[in-house]
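Hello,

Here is the structure I promised to pass on to you.

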Amino acid sequence: MAKLNIKPLGDKVIVKRVEAEEKTAGGIVLPDSAKEKPKRGIVLAVGTGRLLDDGTRSEMQLKKNDEVVFTSYAGTEIKMEGEEYLIMDESDVLGVVD
């Protein structure tokens, strides 16, 4: 993967979706039109944290390379150099996969 030429601001994170499942649990191969977009991804970059009322920044809970789960409609999709990424608020992330 090429170097990412975008830096998230504030409490934003950039996520690359993991690949969608090719088969169901029962072994049925799914065509591209039937696949749901995955709700899991890898954090590629994090912002500096949300600006608080007192002028300080909150610490980001996520870090680069975290595998995360997020909501179906989370973030804004962007395309850069032929790759698709999501820019989303840290609060759109539901959890970190161990």
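Read along the sequence, the pattern is β-β-β-β-β-β, and the secondary structure comes to six strands and zero helices. Here, helices (H or I, at least four residues) and strands (E, at least two) are DSSP runs, numbered from the N terminus. Please bear in mind that this is a predicted model: local features need pLDDT of at least 70, side-chain atom pairs count only at pLDDT 80 or more, and totals for chains, interfaces and linings use all residues. Residues are numbered from 1 along each chain as its sequence is written, and side-chain values use heavy atoms, with hydrogens and water left out.

**The sheet**

The six strands form an open sheet in the order β4-β5-β1-β2-β3-β6, with antiparallel pairing; two strands pair if DSSP finds at least two bridges between them. At the edges are β4 (76-80) and β6 (93-96), each of which pairs on one side only. On average, and with direction ignored, neighbouring strands are turned by 40° against each other (axes are lines fitted to C-alpha atoms, and angles run from 0 to 180 degrees between N-to-C directions).

Now for some of the pairings. β1 and β2 (residues 40-46) run antiparallel and are joined by five bridges, with Val15 partnered by Val43 in β2. Three bridges link β2 to β3, again antiparallel, and Gly41 has Val68 in β3 as its bridge partner. Strand β3 (residues 67-70) is also joined to β6 by three bridges, where Val68 stands opposite Val96.

**The cores**

Which residues make up the largest nonpolar core? There are 11 of them: Val13, Val15, Val43, Met60, Leu62, Val68, Phe70, Ala74, Leu86, Met88 and Val93. Such a core is a set of buried Ala, Val, Leu, Ile, Met, Phe, Trp, Tyr and Cys residues joined through side-chain atoms within 4.5 Å, and buried means under 20% relative accessible area (1.4 Å probe, protein chains only). Two or more residues each come from β1 (12-17), β3 and β5 (83-89). A second, separate core has five residues, including Leu4, Ile14, Leu44 and Ala45.

Leu62 is worth a click: leaving out residues up to four places away in sequence, Leu62 touches Val13, Val46, Val68, Glu90, Val93 and Val96 (contact means heavy atoms within 4.5 Å).

**The whole chain**

Of the 98 residues, 29% count as buried. Among contacts with a separation of 6 or more, 61% are between residues 24 or more positions apart.

Best wishes

Key:
Buried < 20%, exposed > 50% of the residue type's maximum accessible area, 1.4 Å probe, protein only.
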